[in-house]
Amino acid sequence: MSYREERLMSLAGLDINKLSVKELKTYCKKILKGKIHGICFSVYDENQKPGSKISDKQILEKLEIIKPYVSWIRTFSCSDENSRIPVLAKDLGFKTLVGAWLGKDKEQNDCEVENLIKLCNDGYVDIAAVGNEVMYRKDLSEEELISYINHAKEGINTNVPVGYVDAYYEFSERPNITEACEVILTNCYPFWEGCDIDYSLIYMKQMYYHARDVGNGKRVIITETGWPSKGTNYEGSFPSEKNFLKYFLNTQRWSKQDNIEIFYFSSFDESWKIDSEGDVGAFWGVWDDKLISKFI
């Protein structure tokens, strides 16, 4: 083995800016083989979207692909087939962060939260998330969201911690929500704030520390972060294969070095996200839409 090959097998003192795409893939594969903390689980195939019928077979196929590489998965909804994901994941040995999706439909919200409570009490949930970016979308008032959070805490009869997911800055701007949470679940996206890839790790750290500082000693988890491998740039953020690899590598090195709990976004590419995010929406996965690793 040459000196350069030996160096490629070590993460110490790594300057990723000097690495080729091929070398970056080697490091990413090494990190993935050693298992990452968590990943956001994307269940939909091509021509599917939320509301599509999803079989247990499809869920299991994707869970089996990521099983050797991931300790935790995060889900976003407790309705329909989504409620089956944590059940199947637990049977395979995953830890689960399970979300109830909240929006403007009160009846649907009630169903989501009640299903989340049941999954917790049945032993399929390790962390419960009541709502995802509800304040960012302005779907509910603070009081309505806090009521759902408190209802979940009262209904869960196990020691599952309950939190709410939103952008890091929402937790300083809305202290009553922060107080209601038992765990702070923060989304940190340098990409969506127009950050250059070379400054993205520093920026993500600042986002995390911001949430930690207002969390009053509570556990803080990064519930989403990632970088698209293709698509149109967003201000100073440029999607590319190389930037995708660099961001994954930087994120996971920090996670391992400083013991930061991170759920990477996401497991598989999903084309339905184009409707809300533009062309970049389809390219956030560590695996592509054919279920093939982007590190190969």
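Author: **Helix α11 and other helices**

N259, which follows α11, has a positive phi, near 55°. This is a predicted model, in which local features need pLDDT of at least 70 and side-chain atom pairs count only at pLDDT 80 or more, while totals for chains, interfaces and linings use all residues. Residues are numbered from 1 along each chain as its sequence is written, and side-chain values use heavy atoms, with hydrogens and water left out.

Helices are DSSP runs (H or I, at least four residues), numbered from the N terminus. Helix α11 covers residues 241-258, and its 18 residues should span 26 Å at 1.5 Å a residue, which agrees with the 26 Å between its end C-alpha atoms. The expected span is 1.5 Å times one less than the number of residues. Of the 18 residues of α11, 13 are buried, so the helix is mostly covered (buried means under 20% relative accessible area, with a 1.4 Å probe and protein chains only).

Helix α10 (residues 200-214) packs against α11: the two axes come within 10 Å and cross at roughly 45°. Axes are lines fitted to C-alpha atoms over the stretch in contact, and angles run from 0 to 180 degrees between N-to-C directions. The two helices α10 and α11 are therefore oblique to each other; angles under 35 degrees count as roughly parallel, over 145 as roughly antiparallel, 65 to 115 as roughly perpendicular and the rest as oblique. The crossing of α10 past α11 is right-handed, that is, the near helix is turned clockwise from the far one by less than a right angle. On the α10 side, S200, L201, M204, K205, Y208 and Y209 meet Y247, N250, T251, W254 and D258 of α11, where contact means heavy atoms within 4.5 Å. The residues of this contact comprise 6 nonpolar, 3 polar and 2 charged (Ala, Val, Leu, Ile, Met, Phe, Trp, Tyr, Cys and Pro count as nonpolar, Asp, Glu, Lys and Arg as charged, and the others, Gly among them, as polar).

A second pair consists of α5 (residues 106-121) and α7 (residues 142-155), whose axes lie 9 Å apart at an angle of about 30°. That angle makes α5 roughly parallel to α7. Here too the crossing is right-handed. Residues K106, N109, D110, V113, E114, I117 and N121 of α5 meet Y148, H151, A152 and G155 of α7. This contact of α5 with α7 divides into 4 nonpolar, 4 polar and 3 charged residues.

Technical notes:
Buried < 20%, exposed > 50% of the residue type's maximum accessible area, 1.4 Å probe, protein only.
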